[in-house]
Amino acid sequence: SQNQYIEKVLHRFHMSQAKPVSTPLAAHFRLSTSSGPVDTEEERYMSTISYACAVGSLMYAMVCTRPDIAHAVNVVSRFMSKPGKEHWKAVQWILRYLRGTSKFGLMFDQRAENPGQIVGYSDSDFAGDLDERRSLTGYVFQLCGSCVSWRATLQHTVALSTTEAEFMSLAEAVKEAIWLHGFLGDLGIEQVDRVVFCDSQSAIHLAKDEKFHERTKHIDVRNFFIRLHVKKKDLYVEKIGTKDNPTDMLTKVVPKAKFEHCLNLGGVRSWPS
């Protein structure tokens, strides 16, 4: 956990007494470059705000122990060059969320099912970027019931369908799975079942089926290395219900109940005092 670090960040940006909120980002934030400064007065105001420092501080917390803020930090980090008041309000919202969850951390449990086995989950948010309509890739890998690797990032190319977006996200998760399995093998932790779960049935079929058709032939060939590893049985791609996929919180804004369920699935819990 990073309780002391988060408390220092809150104090630095004068949010130590702010009212806590229940999610890292709210649905009413529709951020884009058009939310930037609209006049010189707003530009002057934002010049007094340490926006980049705040986002950098949040990013450090996210990378180390807080996968729950990965999506929110990814969103606000897109506007580092010319942030506006609306972008700053979103950053303050994240800080308000951390105000109420500063003691949250990753809790590992050797009593978890298959404690030595790595399990991955992938998801995407189709065309979630309002500026370029790129989709968001998200994946989480768990060991001993808690997260050990996670990522929320915009895809490099514009997906033309939800299937393509999910498939590209699955490709990134498979690459991470291969690296993690090799790393754990070097540590002497052999992996019996290498599983990556995905909540898109069409993406799973595309990973296992060699047939092309007009709706998927445009998908970049480089992503089809998934099929090679599935054929070699290096790993297995399995279906999981959306409600049981912890990666949902890494790709989109979700309601409070769903977010808390994702936290529980991801092993993010309040750290004992």
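Predicted model: local features only at pLDDT ≥ 70, side-chain atom pairs only at ≥ 80, totals over all residues.
Let's start with G36. Setting aside neighbours within four places in sequence, G36 is in contact with E42, K82, G84 and H87. You will find G36 in the loop between α1 and α2, where α2 covers 40-47. Is G36 buried or exposed? Its relative accessibility is 6%, so G36 counts as buried, the cut-off being under 20%. From G36 to T48 is 12 residues along the chain, and their C-alpha atoms are separated by 15 Å.

Next, the nonpolar core. The largest one has 46 residues. Which of them touch the most other members? They are Y51, V76, W88, V91, L95, Y97 and W150. Several elements give two or more residues to this core: helices α1 (3-12), α3 (51-64), α4 (70-76), α5 (85-100), α9 (248-251) and α10 (256-266), together with strands β1 (104-106) and β4 (146-154). The most comes from α5, which gives 8 residues. There is also a second, separate core of 24 residues, and Y139, A171, L180 and L206 are among them.

Beyond its neighbours within four places in sequence, Y97 is in contact with a run of residues from V21 through S22 and T23 to P24. Y97 also contacts R66, D68 and I69, and then F104, F259 and L263.

Now for two helix pairs. Take α1 and α5. How do they cross? Their axes come within 10 Å, at roughly 135°. The crossing of α1 past α5 is left-handed. On the α1 side the residues are I6, V9 and L10, and on the α5 side they are L95, L98 and R99. Sorted by type, the contact has 5 nonpolar residues, no polar ones and 1 charged.

While we are in α1, look at Y5, which sits in that helix. Y5 has a relative accessible area of 25%, so it is partly exposed. Not counting residues up to four places away in sequence, Y5 touches S57, Y60 and A61. For a sense of distance, pick F126: Y5 and F126 are 121 residues apart in sequence and 34 Å apart in space, C-alpha to C-alpha.

The second pair is α6, residues 162-186, and α7, residues 201-208. At what angle do they pack? The angle is about 65°, and the axes are 8 Å apart. Here α6 passes α7 in a right-handed crossing. From α6, the residues in the contact are T163, E166, F167 and L170; they meet S202, A203, L206 and A207 in α7. This contact divides into 5 nonpolar, 2 polar and 1 charged. L206, by the way, is one of the residues of the second core.

On to backbone angles. Most residues other than glycine have a negative phi. Which way does R133 go? R133 is not a glycine, yet its phi is positive, about 60°. R133 lies in the loop between β2 (119-125) and β3 (136-143), and with a relative accessible area of 43% it is partly exposed. C144 is also not a glycine and has a positive phi, of about 55°. The place to look for C144 is the loop between β3 and β4.

T242 is in the loop between β6 (236-239) and α9. T242 is partly exposed, at a relative accessible area of 40%. What does T242 touch, leaving aside its neighbours within four places in sequence? Its contacts are D199, D248 and K258. T242 and L58 are 184 residues apart in sequence, and 27 Å apart in space, C-alpha to C-alpha.

The other is D234, in the loop between α8 (225-231) and β6. D234 is partly exposed, with a relative accessible area of 23%. Residues up to four places away in sequence aside, D234 touches R194 and H229. Between D234 and D193 there are 41 residues of separation along the chain, while their C-alpha atoms are separated by 8.9 Å.

Technical notes:
Residues numbered from 1 in each chain as written. Heavy atoms only, no water. Core = buried A, V, L, I, M, F, W, Y, C linked by side-chain atoms within 4.5 Å. Buried < 20%, exposed > 50% of the residue type's maximum accessible area, 1.4 Å probe, protein only. Helix = DSSP H or I, 4+ residues; strand = E, 2+ residues; numbered from the N terminus. Contact = heavy atoms within 4.5 Å. Axes fitted to C-alpha atoms, helices over the stretch in contact; angles between N-to-C directions. Left-handed = near helix turned anticlockwise from the far one by under 90°. Nonpolar A, V, L, I, M, F, W, Y, C, P; charged D, E, K, R; others polar.
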